[in-house]
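Reader: I'd like to learn how to read strands and sheets. Could you walk me through it?

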Amino acid sequence: MDTRILGTTEADIKQAAEIIRNGGLVAFPTETVYGLGADALNAEAVGKVYAAKGRPSDNPMIVHISHKEDMKKLTNGITPDVETLMEAFWPGPLTMVVPAKEIIPKATTGGLATVGVRMPEDETARALITEAGVPIAAPSANLSGKPSPTRYNHVAEDLDGRIDAIIAGNDCKAGIESTVVDMTGEIPTILRPGVITQQMLAEALGKEVAVDPALLEKPDIFNNGGDGLLQTNSDFHPKAPGMKYKHYAPKAEMIIFSGEHEKVKMAMAEEKMKRAEQGQKVEIIVYNDADPETAAHDFFARLRACDKANVDVILAAALREDGIGFAVMNRMFKSAGYHIKEVL
């Protein structure tokens with residue numbers, strides 16, 4: 001398959017929208033990461049996304065819309081809380097899990113009765129959805145398990161020859177995937193953290209917002225084999241992408257160092273020296289706790305740069321786990337396969 005590289009002109013958007021309407025696949029920029037889009041209401045097209053990514057079919061997809069009114073076509077679960085969050089954060093990097101109407105195929109929902117929906121901030125993304133005239137199902141535009149793509153060339157590295165087209169837009173602003181919040185229960189619950197934080201959601205709603213306990217724990221059962229499973233319990237059916245499978249993994253071994261900052265820096269320097277003496281190529285990743293936005297923006301790009309440089313081992317310093325730092329650490333832990341070294 002020849003993958004077309006398109007720009008962001010009106011003519012290019014029309015071409016991309018026609019591909020979507022005809023059941024094809026188009027990668028496109030959003031403010032979070034690049035998405036791999038298909039007609040969310042076309043089960044066959046959605047199946048092509050799973051095939052192109054090598055993505056497990058029980059990993060639900062997020063459906064992207066371009067107008068708030070489109071939410072009514074996808075769910076009957078627009079509660080006052082959902083309306084409040086739509087008003088506060090859409091367009092933007094927030095996905096809400098709501099009951100799915102039957103119009104949405106099970107291929108899109110991962111077999112669930114719920115669906116995650118968001119309205120992206122990126123103007124190119126919204127223009128594509130509007131021109132296509134259908135909601136677009138779009139996971140990250142990478143091979144499953146690899147670091148998420150935040151630049152169009154990241155997409156080309158993974159999916160050239162596997163999809164119909166890539167829209168070469170701007171680098172992604174946020175750099176990590178959207179916050180996912182389950183709105184189907186009495187208490188809104190974060191299933192995947194992002195740059196819209198628990199505190200921001202609670203302030204908007206004027207009520208408690210919970211965090212799924214799975215986000216706070218290292219998986220009890222971890223399989224670092226080729227299937228990428230984080231949890232092997234077949235009864236576990238996650239409502240959000242990335243809760244069951246290993247994500248964001250670089251080729252290199254990755255170790256997270258956690259503890260007091262100066263002690264962590266010293267421990268990482270010692271580890272780097274030891275590894276270098278063994279002939280290994282080492283990369284160190286350290287971010288400032290006071291600037292988690294930069295960490296979010298840069299992290300996936302750093303992992304991909306390490307892949308290109310054939311780094312053998314990545315040593316990363318843990319961030320403080322609050323606010324956006326919590327979201328970055330969620331990705332960092334998964335990237336490292338929960339390989340954590342506590343520095344005392």
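Predicted model: local features only at pLDDT ≥ 70, side-chain atom pairs only at ≥ 80, totals over all residues.

Reader: Which residues of strand β9 are buried on each side?

Author: Here's the general idea: in a regular strand the side chains alternate between the two faces of the sheet. In β9 (residues 179–182), Thr-179 and Val-181 are buried on one side, and Val-180 and Asp-182 are buried on the other. Both faces are covered, then.

Reader: Which strand pairs with β9 in the parallel sense?

Author: That's β5 (residues 94–99), joined to β9 over four bridges. Look for Asp-182 facing Thr-189 in β10. β9 and β10 make a hairpin, and six residues lie between them.

Reader: What is the strand order in the open sheet of four strands?

Author: Read it as β13-β14-β12-β15, with parallel pairing. β13 (282–285) and β15 (340–343) each have a single partner strand, so one side of each has no neighbour in the sheet. On average, neighbouring strands here are turned by 20° against each other, ignoring direction.

Reader: Which strands does helix α11 touch?

Author: Helix α11 (residues 324–335) packs on the sheet against β12, β14 and β15, and its direction makes about 135° with that of β12. Helix α10 (residues 292–308) lies across β12, β13 and β14 (313–317), at about 175° to β13.

Note on methods:
Residues numbered from 1 in each chain as written. Heavy atoms only, no water. Buried < 20%, exposed > 50% of the residue type's maximum accessible area, 1.4 Å probe, protein only. Helix = DSSP H or I, 4+ residues; strand = E, 2+ residues; numbered from the N terminus. Pairing = 2+ DSSP bridges. Axes fitted to C-alpha atoms, helices over the stretch in contact; angles between N-to-C directions. Contact = heavy atoms within 4.5 Å.
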